[in-house]
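Have the structure open as you read.

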Amino acid sequence: MNQWKAAWKSIRYRSLHHSLSVILLAISTGLILLLLNSRNSFEDSFRNNIKGIDMVVGAKGSPLQIILSSVYHIDPPTGNIPLDEYKKLIKHPLIEAAVPLSYGDNFRSWRIVGTDSNYAHWYSMQLAEGRGFQKSMEVVLGSAVAEATGLQVGDTFEGSHGLNQEAEEHHHHPFKVVGIYQASGTVLDELILCPTASLWDVHEHAEGPKEITAALIRFKSPMANIMLPRMVNEKTPMQAALPAIEVNRLFSLADSFVQFLNILAYLLIGIAALSVFLALFQGLKDDEPQFAFLRAIGSPPSRILKFILVKGLIIGLISYALALILNIIAFQFIGSLVSPAYQLSSSEVLFNWNSIYTLAALIGVVIFASVLPAWHAYRINIIKTLAHA
């Protein structure tokens, strides 16, 4: 314990001298933690939202856009598909279950989605208040929608046409809130769900056959992964998209940018390690007379070696603590910009394998940076140093 106290006093005595090392280490470590935690959080959330969804069908267009619009609700849909084609498709013997989705309206930019009760069941949604919708123009709110809008069970509101808040409102077609879901950490937290017929009734002026926007499909057998997408794309006016494939494609598109940030973070760690080395070596030069005196009165060389290593460890631990604080602040900021479904709590930032691995790597870096100064202190020339003191 005396070694730790002595090392801490030495750092405090030259606090300005060591501050650059601490700042550089904290920033580089924090950046690596932010990258690792962000990537894991988004990947886990993206994969969690496609559980149980084997295929999505929508209008002809980009498969990735179909997935983003119909599973994650973060992109405009590619168009509409005929209701008759959907009904014909779901009769296929390889399809176990299906959920229709219809878009077109919003309330204060929160999407109103026409569907059926199976949609909530697929995500194991639980009601916090009220009940599920039973007839046209009844809605159930996701937890984030209820919190942001202040709507409660029994309230009514009028939706706006399109996916933007500024669009024209549908007057004389009020929706009634009959339920609010508990928070689930999924995209349904940010949706307003109602029967598909609600959107048809709101747009009663539309003529022609009924349409829906997309459908989520669950297969009975892995064989369907091979047969059904090709059949849909070649023999129907619809486009099939496989969520697992498109999500992997999305991550691969982001890989080059993530790799660049990783290289930047490792470069910062290298610079930080050099800074730690220089700080310890300069401190050693300043403390050489004291070390020589301690050696002269019988202090073992190992004690001085431990002193240098402990100083490096203290610098590393302080840097790591600051990196964790920076990560919590960063995730709170990111949380204000993204969906609740993609956020990490403070406890998840602090206690995960990324944090443990990063701490172990940081300790390794500061020990490596401390080795040469410690070895120099171990081999100090007592007579020569005292002579020049």
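The structure holds three aromatic pairs, where rings of Phe, Tyr and Trp (its six-membered ring) pair if their centres lie within 6.5 Å. This is a predicted model, in which local features need pLDDT of at least 70, side-chain atom pairs count only at pLDDT 80 or more, and totals for chains, interfaces and linings use all residues. Residues are numbered from 1 along each chain as its sequence is written, and side-chain values use heavy atoms, with hydrogens and water left out.

**Aromatic pairs**

- In the Tyr119 and Tyr123 pair, the ring centres are 5.8 Å apart and the planes are at 85°, so the pair is edge-to-face. For plane angles, under 30 degrees apart counts as stacked, over 60 as edge-to-face and the rest as tilted.
- Tyr119 and Tyr123 are both buried. Here buried means under 20% relative accessible area, exposed means over 50%, and partly exposed is in between (1.4 Å probe, protein chains only).
- Phe157 and Phe175 have ring centres 5.5 Å apart and planes at 25°, so this pair is stacked.
- Because Phe157 lies in strand S7 (residues 156-161) and Phe175 in strand S8, the pair ties together parts that are 18 residues apart in sequence. Helices (H or I, at least four residues) and strands (E, at least two) are DSSP runs, numbered from the N terminus.
- Both Phe157 and Phe175 are buried, and together with Phe107 they form one aromatic cluster.

**Charges over rings**

- Arg218 lies over the face of Trp122, at 4.2 Å from the ring centre. The criterion is that NZ of Lys or CZ of Arg is within 6 Å of the ring centre and within 35 degrees of the ring normal.
- Lys210 lies over the face of Trp200, at 5.5 Å from the ring centre.

**The largest nonpolar core**

- Which residues touch the most other members of the largest nonpolar core? Among its 32 residues, they are Val71, Tyr72, Tyr119, Tyr123 and Leu216.
- Two or more residues each come from helix H3 (63-70), strand S3 (95-107), helix H5 (118-122), strand S8 (169-181), strand S11 (214-219) and helix H9 (243-296). H3 gives the largest share of this core, four residues.
- A nonpolar core is a set of buried Ala, Val, Leu, Ile, Met, Phe, Trp, Tyr and Cys residues joined through side-chain atoms within 4.5 Å.
- As background, nonpolar side chains tend to be buried together in soluble globular proteins.

**Salt bridges**

- How many salt bridges does a search of the whole structure find? The search finds four, each being a side-chain nitrogen of Lys or Arg within 4 Å of a carboxyl oxygen of Asp or Glu.
- Glu85 forms a salt bridge with Lys88, and their closest N and O atoms are 4.0 Å apart. These two residues are three apart in helix H4 (residues 83-89), so about one helical turn separates Glu85 and Lys88.
- Lys88 counts as exposed, at 56% relative accessibility.
- Arg230 forms a salt bridge with Glu234, with the closest N and O atoms 3.2 Å apart. Both lie in helix H8 (residues 224-235), four residues apart, about one turn of the helix, and both Arg230 and Glu234 are exposed.
- Arg249 forms a salt bridge with Glu246, the closest N and O atoms again being 3.2 Å apart. Both lie in helix H9, three residues apart, about one turn of the helix.
- Arg249 is partly exposed, with a relative accessible area of 39%, whereas Glu246 is buried at 9%.

**Thr29 in helix H2**

- Thr29 lies in helix H2 (residues 15-48) and counts as buried, at 1% relative accessibility.
- A polar atom of the Thr29 side chain lies 2.7 Å from the backbone oxygen of Leu25.
- Not counting residues up to four places away in sequence, Thr29 touches Tyr320, Ala323, Thr358 and Leu362, where contact means heavy atoms within 4.5 Å.

**Positive phi angles**

- Arg108 has phi near 55°, a positive value in a residue other than glycine. Its place is in the loop between S3 and strand S4 (110-115), and Arg108 is partly exposed, with a relative accessible area of 44%.
- Ser109 has phi near 75°, also a positive value in a residue other than glycine. Ser109 is in the loop between S3 and S4 and is partly exposed, with a relative accessible area of 40%.

Conventions:
Polar contact = N/O pair within 3.5 Å; in protein donor to acceptor, adjacent residues only side chain to side chain.
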